[in-house]
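Please examine the sequence and the structure shown below. The paragraphs that follow lead through the pockets, then the sheet, and finally the overall fold.

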Amino acid sequence: MYGYYYDPGMIILLPAILLSLYAQAKVNSAFSKYLRVPSYSGYTGREVARMILDRNGLYNVRVEPIDGQLTDHYDPRTNVIRLSSNVYNGTSIAALSVAAHETGHAIQHGEGYFPLIVRNNIAPVANIGARFVWVLILLGFLMSSSTLVNAGIILYLAVVLFQVVTLPVEFNASRRALVQLESGFISSNEMGPAKEVLKAAALTYVAATLVAIGQLIRLILSSNRRRD
């Protein structure tokens, strides 16, 4: 008879995964809902992004379209805000909220916002960690090599740190976005929906951080159990 395998790490990881699924559904729901609600100003996401950038003296930051949905981001390496078509050309509350959020990152970059600097410096190591951590962990377990397993865990620490530092960066960008939106881009009645869109997006980052932490704890527990 096969023995029952108990993985204590899943007790920590499973709730985080469930929260992540809920958060993704929440952001998709909020975005889709307010994508159908036009803003009173009639501005497009591109126009809002451009006006906020110019208002803050960021004339060197470009605004470009990008394929996909919810693929919007600010690239600090090239000083480019890339907005998905629904946001770039859209006049909805969702479009303006997302566009303003991405300009929040550009403003952070322009001001030298410390958590953003930390995140940008961690990003290359975190990207390497995300690519190779599971290769090292798997090889370490197969070869019974604690050195490889430990190397994988150390790499994954960079991934976790990146996720943790991302939280204040994203929350701050959303706060900046709401301040900008209030000053002529959306009405007071539209602030509630704008906050709903941005809070839903923030929840995905919280969930991703918890998943990363849970996975790290699971790796450490699995590594210790194999040594015993």
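The lining of the largest pocket consists of ten nonpolar, seven polar and seven charged residues. In this classification, Ala, Val, Leu, Ile, Met, Phe, Trp, Tyr, Cys and Pro are nonpolar, Asp, Glu, Lys and Arg are charged, and the others, Gly among them, are polar. The model is predicted: local features need pLDDT of at least 70 and side-chain atom pairs count only at pLDDT 80 or more, while totals for chains, interfaces and linings use all residues. Residues are numbered from 1 along each chain as its sequence is written, and side-chain values use heavy atoms, with hydrogens and water left out.

Rolling a probe the size of a water molecule over the atoms shows where empty space is left. On a 1 Å grid over the protein atoms alone, a pocket is an open set of points where a 1.4 Å probe fits, with protein on both sides within 12 Å along at least five of seven lines; lining residues have an atom within 4 Å of a point. Grid points are joined across faces, edges and corners, and a volume is the space filled by probe spheres set on the points. The volume of the largest pocket is about 600 Å³. It is lined by 24 residues, of which Tyr74, Arg119, Asn120, Ala123 and Phe162 are the closest to its centre. Two or more lining residues come from each of β2 (73-75), α4 (93-111), α5 (114-142) and α6 (146-182). Helix α5 provides the largest share, eight residues. Helices (H or I, at least four residues) and strands (E, at least two) are DSSP runs, numbered from the N terminus.

The second largest pocket holds about 400 Å³ of space. Among its 18 lining residues, Val27, Leu70, Ala201, Thr204 and Tyr205 are the closest to its centre. The elements that give two or more residues to this lining are α1 (9-35), α4 and α7 (191-227), and α7 gives the largest share, seven residues. By class, eleven of the lining residues are nonpolar, four polar and three charged.

Attention now turns to the sheet. Strands of a sheet pair through backbone hydrogen bonds, either parallel or antiparallel. Here three strands form an open sheet with mixed pairing, in the order β1-β3-β2. Strands β1 and β2 are the edge strands, each pairing on one side only. Two strands count as paired if DSSP finds at least two bridges between them. Strand β1 (residues 62-66) pairs with β3 in the parallel sense over five bridges, and Ile66 stands opposite Ser84 in β3. The pairing of β2 with β3 is antiparallel, over three bridges; His73 has Arg82 in β3 as its bridge partner, and Asp75 stands opposite Val80.

Why is strand β3 largely enclosed by the rest of the structure? Five of the five residues of β3 (residues 80-84) are buried, so the strand is largely enclosed. Buried means under 20% relative accessible area, with a 1.4 Å probe and protein chains only. Both faces are covered, with Val80, Arg82 and Ser84 buried on one side and Ile81 and Leu83 buried on the other.

As for the whole protein, there are seven helices and three strands, which follow the pattern α-α-β-β-β-α-α-α-α-α along the sequence. Of the 228 residues, 44% are buried.

Note on methods:
Buried means under 20% relative accessible area, exposed over 50%, partly exposed in between (1.4 Å probe, protein chains only).
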